[in-house]
Every structure is written in C-alpha cells, then in structure tokens.
Amino acid sequence: MIQETFPMTVGGDEVLNERMLLTKVESGLAMRGADAVRFLVVHCSATRCDCPYTPEQMLRDHKARGFRTVGYHFYIRRNGSLTQHRRLLEVGAHARGFNRCSIGICYEGGLDHWGNPADTRTPQQKQRLRELLQTLHRIFPDAMAVGHRDLPGVKKDCPCFDVQGW
Ligand SMILES: [Zn+2]
C-alpha cells in the first residue's frame, strides 16, 4: 500500500507534468505513455455500507484472485481517506479489456444495508473523488471519467451511480 497526498507523487517524485510520468516505466507493466490513458474508471468495492472494508482486506482479496497487488490505482474509504496502490502508468487489474488504457478508482461501499446496489458514497467520499478526478484530468486531459458499468460488455451495476451525469 502506498500512502500519498497531493500533489501526487509517483515513485517518490512529484508529478508536475506528463514528461515526468513518461520516465516512470516499469517493463511490461506500464502503459506506453500518458496519452494512453483514455478512461478514468470508477468502481465500488461492492461491499455493504455498514461493513468496513480496509485496503488490507482488499489486498488480501485481490491477491487471492491472483493479482500481484490491489487491482485499482486508488481507493477511497468512507471517511474520504485516499490510498494509492499502483503507479499512475502501471497497468491495473480492474476493467477487462481496458486495463492498458485506464486508471482504476474504487470507493468503499456500493451496497446498502440489505446488500442491494446503491450509491452509498459519503459526502467525504464524493469530495475526495471529485478532487481526485480533477487532479487526474489535469494529468490526463484526454481521459474521460466513466463508471465501470459504462464500459462495453459489463453486466454489473458498479459503481452504482451515474459517473458521467455526476
Ligand atoms: Zn467495477
């Protein structure tokens, strides 16, 4: 788990411009450049809003699914705290067919008390998500914010709200 505050840092360096990002390439795992990022994909953790789901639990679950680490780049908890789990140009594991051209952002929740899909975002989560999307838009001006369910072939409700309308 990587803990970061803004301005965003990648691999220990402050990200000031795209050129700096391009130097952060991990062989085989990195997108080819900042212009490769076309989507900022928002997800929910599909956990109940009254059940805490920590980054540590997520890491365990994702490793159990065979991932090297958490599949998302960012995770936003109900209290608005943000953790980063992959470098910006690192290929994630969150959207089949789109991992090489997207950043994955997940918020904690997405299911109501009864386990039904719902927009369970807290005001803190909404604010943090907005700030994060704005920051990522500055770094990746051509990338479009979408919900996971907006991508073709996705049959889930994730992230349980209309990202483009919001
Ligand atoms: Zn999703």
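A residue counts as buried if 20 or more other C-beta atoms lie within 10 Å of its own, as exposed if 12 or fewer do, and as partly exposed in between, with C-beta atoms placed from the backbone. By this rule, 37% of the 166 residues of the chain are buried. The model is predicted: local features need pLDDT of at least 70, side-chain atom pairs count only at pLDDT 80 or more, and totals for chains, interfaces and linings use all residues. Residue numbers start from 1 along each chain as its sequence is written.

**Exercise 1. List the secondary structure elements of the chain in order.**

Step 1. Helices (H or I, at least four residues) and strands (E, at least two) are taken as DSSP runs and numbered from the N terminus.
Step 2. The count is 3 helices and 9 strands.
Step 3. From the N terminus on, the order reads β-β-α-β-β-α-β-β-β-β-α-β.

**Exercise 2. Determine the strand order of the open sheet and identify its edges.**

Step 1. Two strands pair if DSSP finds at least two bridges between them.
Step 2. The sheet has 5 strands in the order 6-5-7-3-9, with mixed pairing.
Step 3. Strand 6 (82-84) and strand 9 (144-147) each have a single partner strand, so one side of each lacks a neighbour in the sheet.
Step 4. From one strand to the next the twist averages 20°, where axes are lines fitted to C-alpha atoms (for helices over the stretch in contact) and angles run from 0 to 180 degrees between N-to-C directions.
Step 5. Strand 5 (residues 74-76) runs parallel to strand 7 (residues 102-107) and is joined to it by 3 bridges; here Phe74 faces Ile105.
Step 6. Strand 3 is parallel to strand 7, with 6 bridges, among them the pair His43 and Cys106.
Step 7. Strand 3 is also parallel to strand 9, with 4 bridges; Leu40 has Ala145 as its bridge partner, and Val41 stands opposite Val146.

**Exercise 3. Compare burial in strand 3 and strand 9.**

Step 1. In a regular strand the side chains alternate between the two faces of the sheet.

**Exercise 4. Locate the buried face of helix 3 and state what packs against it.**

Step 1. Helix 3 (residues 123-139) has 17 residues and spans 25 Å from first to last C-alpha, close to the expected 24 Å (1.5 Å times one less than its number of residues).
Step 2. Its buried residues are Gln125, Arg128, Leu129, Leu132 and Leu136.
Step 3. Pro123, Arg130, Gln134 and Arg138 are exposed on the face turned away from the buried side.
Step 4. The buried residues pack against strand 3 (39-44), strand 5, strand 6 and strand 7.

**Exercise 5. Describe the largest nonpolar core.**

Step 1. A nonpolar core is a set of buried Ala, Val, Leu, Ile, Met, Phe, Trp, Tyr and Cys residues joined through C-beta atoms within 7 Å.
Step 2. The largest has 32 residues, and Leu40, Val41, Phe74, Tyr75, Ile103 and Ile105 have the most contacts inside it.
Step 3. Strand 3, strand 5, strand 7 and helix 3 each give two or more residues, and the largest share, 5 residues, comes from strand 3.
Step 4. Beyond its neighbours within four places in sequence, Ile103 is in contact (C-beta atoms, placed from the backbone, within 7 Å) with Val37, Leu40, Val41, His73, Leu88 and Leu136.

Note on methods. Contact = placed C-beta atoms within 7 Å.
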